[in-house]
Amino acid sequence: CPRVPDNLFGDHPLYANSDEMRFHHLKNALLAPDSAAVWCLRGGSGATKLLPGLGALPVPPKSQEKCVIGFSDVTAFHLFLPQAWGWQTVHGPNLGQMSKGEC
């Protein structure tokens with residue numbers, strides 16, 4: 001069952017939310033013990049701004065590995081996660097584009 005935080009979108013003029021809130025949502029999604037995938041809603045330059053926070057987290061146990069799906073600047077996660085955490089990722093459409101029929 002998909003989980004979408006009530007406060008996913010904020011009032012930031014360029015990004016879906018503040019860097020802090022976007023990192024909070026990403027961290028919660030990546031570390032949730034009861035999910036198997038994280039499907040990115042959108043791509044964009046804001047993804048790279050979250051890498052320092054990911055780098056500061058301890059590597060999760062292999063049992064918590066998730067499939068991360070997305071493209072565009074989500075590619076930053078496609079590079080980080082396999083190298084730093086040993087996770088596999090899928091370069092595929094973002095949910096936002098799928099919901100608009102753009103893929």
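The questions below take the ring pairs, then the surface patch.

Colleague: How many aromatic pairs does the count come to?

Modeller: Keep in mind that this is a predicted model. Two rings pair if their centres lie within 6.5 Å. By this rule the count comes to 2 aromatic pairs.

Colleague: Is the pair of F80 and W85 stacked or edge-to-face?

Modeller: A ring pair is described by the distance of the centres and the angle of the planes. The centres of F80 and W85 are 5.9 Å apart. Their planes stand at 70°, and over 60 degrees counts as edge-to-face. So the F80 and W85 pair is edge-to-face.

Colleague: What is the angle between the planes of W85 and W87?

Modeller: The ring centres of W85 and W87 are 4.9 Å apart. The pair is edge-to-face, because the planes are at 70°.

Colleague: Which residues do the ring pairs link into a cluster?

Modeller: F80 pairs with W85. W85 also pairs with W87. The cluster is therefore F80, W85 and W87.

Colleague: Is W87 buried or exposed?

Modeller: Buried means under 20% relative accessible area. W87 has 1%. So W87 is buried.

Colleague: Which residues make the nonpolar surface patch?

Modeller: The patch covers about 430 Å². M98 is one of its residues, and M98 lies in helix α4, residues 95-99. The patch is made by F9, W39, L41, L95 and M98.

Technical notes. Residues numbered from 1 in each chain as written. Predicted model: local features only at pLDDT ≥ 70, side-chain atom pairs only at ≥ 80, totals over all residues. Heavy atoms only, no water. Patch = residues over 30% accessible without salt bridge, like charges linked within 9 Å, V, L, I, M, F, W, Y side chains within 5 Å. Areas by Shrake-Rupley, 256 points an atom, 1.4 Å probe, with all protein chains shown as cover. Salt bridge = Lys/Arg side-chain N within 4 Å of Asp/Glu carboxyl O. Helix = DSSP H or I, 4+ residues; strand = E, 2+ residues; numbered from the N terminus. Phe/Tyr/Trp six-rings, centres within 6.5 Å; stacked < 30°, edge-to-face > 60°. Buried < 20%, exposed > 50% of the residue type's maximum accessible area, 1.4 Å probe, protein only.
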